[in-house]
Amino acid sequence: MISVVIAVMIILLDLILGFIVLFRGKGRGVNIIFFLLTFFVALWVGANTLVDVAPSQYIALLATRATFFLTSWAMFFLLCFALIFPRN
């Protein structure tokens, strides 16, 4: 139960950080990429937590598949951010 509370806190803090960066520089591409990175990391943490607390094996399997999918997008946006950030 405590792990779910910690995961929810991490998700909320991650999303708050993403929105702060997004709204401080709306037109900049690096801010949009950083927001997408934090968004997919928050979804990944949520899916990963759902795997541990899933009430059935079917939901755990779907959450595991979502974890792999979301990790791929998070790493893609991390690469984009690493390539764009030094220039801006």
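Q: Which residues make the nonpolar surface patch of about 640 Å²?
A: M1, I2, V5, I6, M9 and I10 make that patch, where patches are made of residues with over 30% relative accessible area and no salt bridge, like charges being joined within 9 Å and nonpolar side chains (Val, Leu, Ile, Met, Phe, Trp, Tyr) within 5 Å. A salt bridge here is a side-chain nitrogen of Lys or Arg within 4 Å of a carboxyl oxygen of Asp or Glu, and accessible areas come from the Shrake-Rupley method with a 1.4 Å probe, with only the protein chains shown counting as cover for residues.

Q: What kind of model is this?
A: This is a predicted model, in which local features need pLDDT of at least 70 and side-chain atom pairs count only at pLDDT 80 or more, while totals for chains, interfaces and linings use all residues. Residues are numbered from 1 along each chain as its sequence is written, and side-chain values use heavy atoms, with hydrogens and water left out.

Q: What about the overall dimensions and surface?
A: The C-alpha atoms fill a box of roughly 45 × 25 × 15 Å along the principal axes, and of the 88 residues 30% count as buried. The protein exposes about 6100 Å², of which carbon and sulfur atoms supply 77%.

Q: Which residues make up the largest nonpolar core?
A: That core has eleven residues, namely V30, I33, F34, L37, F40, A47, L70, A74, F77, C80 and F81. The elements that give two or more residues to this core are α2 (29–53) and α3, and the largest share, six residues, comes from α2. A nonpolar core is a set of buried Ala, Val, Leu, Ile, Met, Phe, Trp, Tyr and Cys residues joined through side-chain atoms within 4.5 Å.

Q: What is F77 in contact with?
A: Leaving aside neighbours within four places in sequence, F77 is in contact with I33, L36, L37 and F40, where contact means heavy atoms within 4.5 Å.

Q: And T67, is that one buried or exposed?
A: T67, found in helix α3, is buried because its relative accessible area is 11%. Beyond neighbours within four places in sequence, T67 is in contact with W44, A47, N48 and V51.

Q: What covers the buried residues of α3 and α2?
A: For α3, the cover includes α2, whereas for α2 the cover includes α1 and α3.

Q: How does the span of α3 fit its number of residues?
A: At 1.5 Å a residue, the 28 residues of α3 should span 40 Å, and the end C-alpha atoms are 40 Å apart, which agrees; the expected span is 1.5 Å times one less than the number of residues.

Q: Last one: how far apart are L78 and L37?
A: L78 and L37 are 41 residues apart in sequence and 6.2 Å apart in space, C-alpha to C-alpha. L78 lies in helix α3, residues 57–84, and counts as partly exposed at 38% relative accessibility.

Notes:
Buried < 20%, exposed > 50% of the residue type's maximum accessible area, 1.4 Å probe, protein only. Helix = DSSP H or I, 4+ residues; strand = E, 2+ residues; numbered from the N terminus.
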